[in-house]
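This report covers model confidence, the nonpolar core and a few side-chain contacts of one protein.

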Amino acid sequence: MSVGNRRNELDIIRDILRMNSGRTTSLRHSVNLSHSQMRKYLDFLEKSDLITLERQGPRISTFQVTEKGSRSLDQINQLFELLGLDSF
C-alpha cells in the first residue's frame with residue numbers, strides 16, 4: 001500500500017491487475033473506484049495492452065488481464081517488496 005492514507009496510481013493499477021478478470025461492476029466495487037475513475041484506469045490499461053475489455057454496446061462488461069499485464073504485476077510487486085511497501 002502507499003505511504004500515507006491515500007492510494008496512488010500505482011496502488012490502484014496493482015489492485016486492478018490483481019483482480020485478473022471479471023465483470024467491471026465487481027471490479028469497481030472491489031477496488032473502490034467511482035465510475036469515472038474506473039473508466040480512466042481501464043482505458044489506460046487497455047491502451048497499454050495490460051488488459052483486454054469486452055464491450056456490449058457503449059458499456060464495458062468484462063476485463064481480462066493480458067500476459068503483459070501479468071508480467072507487469074509481477075514487476076510492480078517486486079518494486080513494492082524492494083521499497084518495503086508491501087504490507088500484505
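The text below goes from confidence to the core and then to individual residues.

The model is predicted. Its mean pLDDT is 87, and 91% of the residues reach 70 or more. Among the elements, S3 has the lowest mean pLDDT, 85, whereas H4 has the highest, 95.

The largest nonpolar core holds 20 residues, and those touching the most other members are Ile 16, Leu 17, Leu 27, Leu 33, Leu 42 and Ile 51. Two or more residues of this core come from each of helices H1 (9-19), H2 (24-31), H3 (35-47) and H4 (67-82), and from each of strands S2 (51-56) and S3 (59-65). In soluble globular proteins, nonpolar side chains tend to be buried together.

With neighbours within four places in sequence left aside, Leu 17 contacts Leu 50, Ile 51, Val 65, Gly 69, Leu 73 and Ile 76.

Lys 68 belongs to helix H4. Its relative accessible area is 38%, so Lys 68 counts as partly exposed. Outside the four places on either side in sequence, Lys 68 is in contact with Ser 48, Asp 49 and Leu 50. A polar atom of the Lys 68 side chain lies 3.0 Å from the backbone oxygen of Ser 48. Arg 55 is 13 residues from Lys 68 in sequence, and their C-alpha atoms are 21 Å apart.

| Pair | Points compared | Distance |
|---|---|---|
| Lys 68 and Ser 48 | side-chain polar atom to backbone oxygen | 3.0 Å |
| Arg 14 and Phe 80 | charged end to ring centre | 4.1 Å |
| Lys 68 and Arg 55 | C-alpha to C-alpha | 21 Å |

The charged end of Arg 14 sits over the ring of Phe 80. The count of aromatic pairs, with ring centres within 6.5 Å, is zero.

How values were computed: Residues numbered from 1 in each chain as written. Predicted model: local features only at pLDDT ≥ 70, side-chain atom pairs only at ≥ 80, totals over all residues. Heavy atoms only, no water. Phe/Tyr/Trp six-rings, centres within 6.5 Å; stacked < 30°, edge-to-face > 60°. Lys NZ or Arg CZ within 6 Å of the ring centre and 35° of its normal. Core = buried A, V, L, I, M, F, W, Y, C linked by side-chain atoms within 4.5 Å. Buried < 20%, exposed > 50% of the residue type's maximum accessible area, 1.4 Å probe, protein only. Helix = DSSP H or I, 4+ residues; strand = E, 2+ residues; numbered from the N terminus. Contact = heavy atoms within 4.5 Å. pLDDT = per-residue confidence, 0-100. Polar contact = N/O pair within 3.5 Å; in protein donor to acceptor, adjacent residues only side chain to side chain.
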